[in-house]
Amino acid sequence: HYILSLLESRYYGKESDLMMFWFIVSAIILLFALRLRYPYLIAEAKYMRRIAIAMYRTTKYLKSKPFYTLLDRFLDSVRKNPHKAFIRFQDETYSYAQTDKQSNKIARSLLKHADLHEGDTVALLLGNEPMFLWMWLALAKIGCSAALLNHNIRSKSFLHCFTCCGATVLIAGLQDAVEEVLPALREQGISVYILTDHVTTEGLESLTDKIAQASDEPIPADLRANITLSSPAVYIYTSGTTGLPKAAVIAQLRLWAMANFPSICGVTSDDVVYVCLPLYHSAGFAIGFGGAIERGATVVVKSKFSSSQFWDDCRKYNVTVIQYIGETMRYLCNTPKRVSDQVHNVRMAIGNGIRPEVWRTFIRRFGNVDIKEFYGATEGTLGFLNYAGKIGAVGRVNYFHKKIYPYALVKFDQEQEEPVRNAEGFCIEVAQGETGLLVSKITQKARFAGYARDPKQTEKKKLYNVFEKGDVYFNSGDLFRTDHENFIYFQDRVGDTFRWKGENVSTNEVSDILTMAASIEEANVYGVTVQGYEGRTGMATITLKKDHQFEPDAIFSHMTTYLPSYARPRFIRIQDCLAVTCTFKQLKGKLVEEGFNPAVITDPLFVLDETVKSYSPLTRDTYQSILDGHFRL
């Protein structure tokens with residue numbers, strides 16, 4: 001614009017104007033050259049600027065006396081924008097001020113009836129609803145931490161999760177779920193409150209009636225005066241794909257780091273964030289709800305993810321930022337096409353686990369939504385963000401990020417399931433393009449709080465003497481590789497990769513290839529042991545697309561075209577639907593345990609048969625022939 005104005009100006013020709021003209025032209029040429037040489041320069045600069053701002057804010061909060069918490073950030077928004085919409089749920093809208101008052105009522109009722117004190121832990125068994133958010137704010141106001149229980153768990157898992165967080169009070173919205181474990185809770189002297197006006201069961205107390213009678217006057221700050229950056233803010237449970245869930249301790253500083261993440265992605269106070277993921281999970285609670293507090297934004301709460309209602313909700317609430325996890329994006333892509341697919345205001349999607357082909361399909365169908373794919377474990381010390389939009393990547397190696405939060409990809413022994421060490425006993429970094437285990441250094445900036453009341457599991461996540469004597473690293477349990485442009489790609493979870501015929505097989509890679517087949521909707525790939533063979537051979541449990549049949553010859557041809565011999569699934573099991581966790585992660589444990597025995601499994605089973613160049617039905621006779629060594633795999 002400046003150059004055009006000079007060209008149009010009658011003063012063009014002055015020496016000062018000419019110098020400025022050539023300075024701007026030179027700058028443009030330099031920027032263009034830099035862009036060609038460093039195509040991600042601008043994206044990287046924006047990313048580093050946002051990280052710097054987030055770190056500056058956090059440092060300021062740490063130095064404040066008393067410690068400035070996420071709750072304090074919420075209270076500041078209440079003072080500055082009391083009437084701004086904070087929570088939208090169904091047809092109801094609750095402002096920042098209304099949310100503040102409602103949480104005050106809850107806090108006062110708990111102080112009076114539950115005899116809670118600063119430092120206590122309260123377990124919450126609630127669904128996605130405003131009460132969940134009000135309840136956490138109320139507990140934070142009186143200096144208590146909350147254990148976020150998965151409301152789908154029952155019996156043994158329920159008791160395990162409740163016990164390991166050390167809670168003295170349970171607040172539930174579902175009376176049936178509590179009654180089956182009530183005797184055990186009463187033995188432990190636990191106070192149990194149900195969100196209802198009236199309850200007759202001995203050992204249970206109503207809470208809704210008590211909240212209604214309480215005052216909404218502000219809660220004195222001295223009730224939480226001893227909260228520090230290392231105080232537990234919340235307990236969030238791991239998804240339990242390989243066993244019983246563990247309660248990850250999310251300290252106040254860690255909660256700040258997670259809540260800051262949307263700002264690093266570019267979310268602003270003007271955004272409307274759609275949270276359809278479970279609030280008891282870190283993505284929904286810390287990034288969705290916590291991020292909205294940090295930004296001073298509006299959050300739309302959905303009781304549960306619905307692919308058929310998703311875009312209608314986005315239009316109804318004028319949503320600008322959505323969250324995804326696991327397979328939710330694929331579910332959206334599989335819905336029937338509509339003329340209104342691109343009629344929405346969604347500008348950004350934040351999440352993890354989107355497959356490359358789904359990413360491309362999503363953008364093509366629903367418009368140019370800025371997908372912010374990231375990597376981060378609930379209890380981890382490090383996260384990556386794909387700020388450049390490279391399809392398939394979870395992040396990019398950044399010098400400054402690595403300097404602040406040191407990490408490395410190290411060689412990993414799949415059979416021993418431990419890092420490879422050199423003659424001096426130290427770990428070995430992998431070369432570019434090689435797959436390695438992600439380990440991140442535990443420091444004052446990157447703390448690992450571990451798992452509540454589980455020192456054994458906490459210790460298992462630590463690696464000592466990784467690169468020098470005395471250092472301690474967090475073992476992510478995740479395998480990654482980097483490409484020639486330094487982009488980082490998630491490969492597999494340790495344990496999801498198996499070894500067959502001397503080769504490592506990535507379950508994710510095989511699953512991606514399977515779902516490319518015309519008839520296959522979903523695929524869950526895992527390794528099973530076979531008598532007489534070393535390692536584990538590949539098996540896939542699949543679902544078929546609507547109106548499609550399993551095509552043994554076509555699938556065999558597809559596998560041989562795209563996969564090396566050792567990676568082709570020897571067994572295929574067909575189900576109507578695949579079992580997933582509440583966060584849409586595929587469950588493998590039970591499938592591995594059941595193996596491929598047709599006497600145990602009633603689902604259709606097939607075995608890769610090289611003699612007929614197809615997948616043949618796995619009968620009991622064929623099964624026995626495999627065990628006897630006559631049918632070679």
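I count two rings of Phe, Tyr or Trp as a pair if their centres lie within 6.5 Å. This is a predicted model, and I keep that in mind throughout.

**Entry 1: aromatic rings**

I looked up the aromatic residues. One aromatic cluster is formed by F74, F86, Y96, F132, W136, F285 and F289. I then asked how many aromatic pairs the structure holds. The search gave 36.

A pair of aromatic rings is described by the distance of the centres and the angle of the planes. For F480 and F490, the centres are 5.5 Å apart and the planes stand at 75°. Edge-to-face needs an angle over 60 degrees, so this pair is edge-to-face. F480 sits in strand β22, residues 472-482. F490 sits in strand β23, residues 487-493.

Is F480 buried or exposed? Its relative accessibility is 0%, so I note F480 as buried. F490 has a relative accessible area of 29%, so I note F490 as partly exposed.

**Entry 2: charges over rings**

I looked for arginines over ring faces. R481 lies over the face of Y489, at 4.5 Å from the ring centre. R396 lies over the face of F487, at 5.2 Å from the ring centre.

**Entry 3: strand β4**

I turned to strand β4, residues 145-148. Both of its faces are covered. S145 and A147 are buried on one side, and A146 and L148 are buried on the other.

Which strands pair with β4? Strand β3, residues 121-125, runs parallel to β4 and is joined to it by four bridges. In this pairing, L124 stands opposite L148. I followed the chain from β3 to β4, and it passes through helix α6, residues 130-141. This β-α-β crossover is right-handed.

Strand β8, residues 232-237, also runs parallel to β4, with three bridges between them. Here the bridge partner of L148 is I236.

**Entry 4: cavities**

Rolling a probe the size of a water molecule over the atoms shows where empty space is left. The search of the whole structure found four cavities of 30 Å³ or more.

What lines the largest cavity? I noted twelve names: P262, V267, V273, I287, G288, G291, A292, R295, V321, I322, Q323 and I350. Helix α12 (282-295) gives the largest share of this lining, five residues. Both α12 and β12 (321-325) supply at least two residues each.

Definitions and conventions:
Residues are numbered from 1 along each chain as its sequence is written. This is a predicted model: local features need pLDDT of at least 70, side-chain atom pairs count only at pLDDT 80 or more; totals for chains, interfaces and linings use all residues. Side-chain values use heavy atoms; hydrogens and water are left out. Buried means under 20% relative accessible area, exposed over 50%, partly exposed in between (1.4 Å probe, protein chains only). Two strands pair if DSSP finds at least two bridges between them. A crossover is right-handed if, with the strands pointing away from the viewer, the path from the first strand over the helix to the second runs clockwise. Rings of Phe, Tyr and Trp (its six-membered ring) pair if their centres lie within 6.5 Å; planes under 30 degrees apart count as stacked, over 60 as edge-to-face and the rest as tilted. A charge sits over a ring if NZ of Lys or CZ of Arg is within 6 Å of the ring centre and within 35 degrees of the ring normal. On a 1 Å grid over the protein atoms alone, a cavity is a set of points where a 1.4 Å probe fits but cannot get out, and a pocket is an open set with protein on both sides within 12 Å along at least five of seven lines; lining residues have an atom within 4 Å of a point. Grid points are joined across faces, edges and corners, and a volume is the space filled by probe spheres set on the points.
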